[in-house]
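Here is a short tour of one protein chain, moving from its overall contacts and dimensions to a few individual residues. Have the viewer open alongside the text.

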Amino acid sequence: MSEPPSYTDAVAAQPLNLPVFQFLRDKRIILASGSPRRRQLLNQIGIAKLDVIKSGFAEDLDKSQMSVYEYVQETASRKALAVYKQEIEAEVEPALIIAADTIVLSKNQIVEKPKSPIDHFRMLQSLRDDDFPHRVFTAVACIAPLEEPVYPGYSLQTHIEETQVFFAKDVSDEFLSAYVASAEGKDAAGGYQIQGKGALLVDKIVGDYSNVVGLPLKATLQLMEKTLFPEESEFEDA
């Protein structure tokens, strides 16, 4: 750092003055996800100009043939690639595509979205009564087209983040029933949203909070830098 930092008149919603955000200014960024939570998280770090294009990938990989890590990483990668192939010939070529996939693992089983209110209630009971925390995995995939005509024509980088979540043991069945009735968690893996009323279910977490919401922000920023500037990442590899 050649000069000491100083305050500017910039508003909080603007991105930090970092090379990755300077490079992406006025360029097309695609979020390959229909999740409003992921869009809000990217808005939080100043990426407000986003094209949201939900991937057409069917998300039908055979979980029995791969590890949890392989499953979530492959799903995120295929989401990103599906949108890349769709949009790379568009009038305005994307500079960066961000995709993600989040799963919840409890008792070594992947916990899907609730299928019904009864299933939802039993799912939350199981997470509460488990002696061990459940684990939230998010795989993030970033794709940027290459300027050089080198196969396959793009840079694809991935990262997997894990966070442990401990449910509060003193949450009553009555409370769980009320939470199910609120419908807040009906479309979320694990059946709850930690950024909403679902926070009342949680005793503590170990790891990245934003990962439980749906997108680990620090890891995503690192991945964006690694994808766009593979030799000049702002963060050193851990």
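## Overall fold and dimensions

Of the contacts in the chain with a separation of 6 or more, 70% are between residues 24 or more positions apart, where contact means heavy atoms within 4.5 Å. Before going further, please keep in mind that this is a predicted model, in which local features need pLDDT of at least 70, side-chain atom pairs count only at pLDDT 80 or more, and totals for chains, interfaces and linings use all residues. Residues are numbered from 1 along each chain as its sequence is written, and side-chain values use heavy atoms, with hydrogens and water left out.

The chain holds seven helices and seven strands; helices (H or I, at least four residues) and strands (E, at least two) are DSSP runs, numbered from the N terminus. Read from the N terminus, the order is α-β-α-β-α-β-β-α-β-β-α-β-α-α.

How does the radius of gyration fit the chain's 238 residues? A compact globule with 238 residues would have a value near 18 Å, and the chain has 19 Å, which agrees. That radius is taken over C-alpha atoms, and the globule rule is 2.2 Å times the number of residues to the power 0.38. Along its principal axes, the C-alpha trace spans about 55 × 45 × 30 Å.

Buried residues account for 44% of the 238 residues. Here buried means under 20% relative accessible area, exposed over 50%, and partly exposed in between (1.4 Å probe, protein chains only).

## Strand β5 and its partners

Strand β5 (residues 134-145) has ten of its twelve residues buried, so the strand is largely enclosed by the rest of the structure. Strands β3 (residues 96-106) and β5 run antiparallel and are joined by nine bridges; two strands pair if DSSP finds at least two bridges between them. In this pairing, L105 stands opposite R135 in β5. Strand β6 (residues 154-167) is also antiparallel to β5, with twelve bridges joining them, and here A141 stands opposite T158 in β6.

| Residue | Relative accessible area | State |
|---|---|---|
| S155 | 14% | buried |
| D51 | 31% | partly exposed |
| D173 | 34% | partly exposed |

S155 sits in strand β6. Setting aside neighbours within four places in sequence, S155 is in contact with C142, I143, A144, L146 and T227.

D51 belongs to strand β2 (residues 51-52). Not counting residues up to four places away in sequence, D51 touches R28, I29, I30 and L31.

D173 is part of helix α5 (residues 173-182). Beyond residues up to four places away in sequence, D173 touches F121, Q125 and R128. D173 and L16 are 157 residues apart in sequence, and their C-alpha atoms are 44 Å apart in space.
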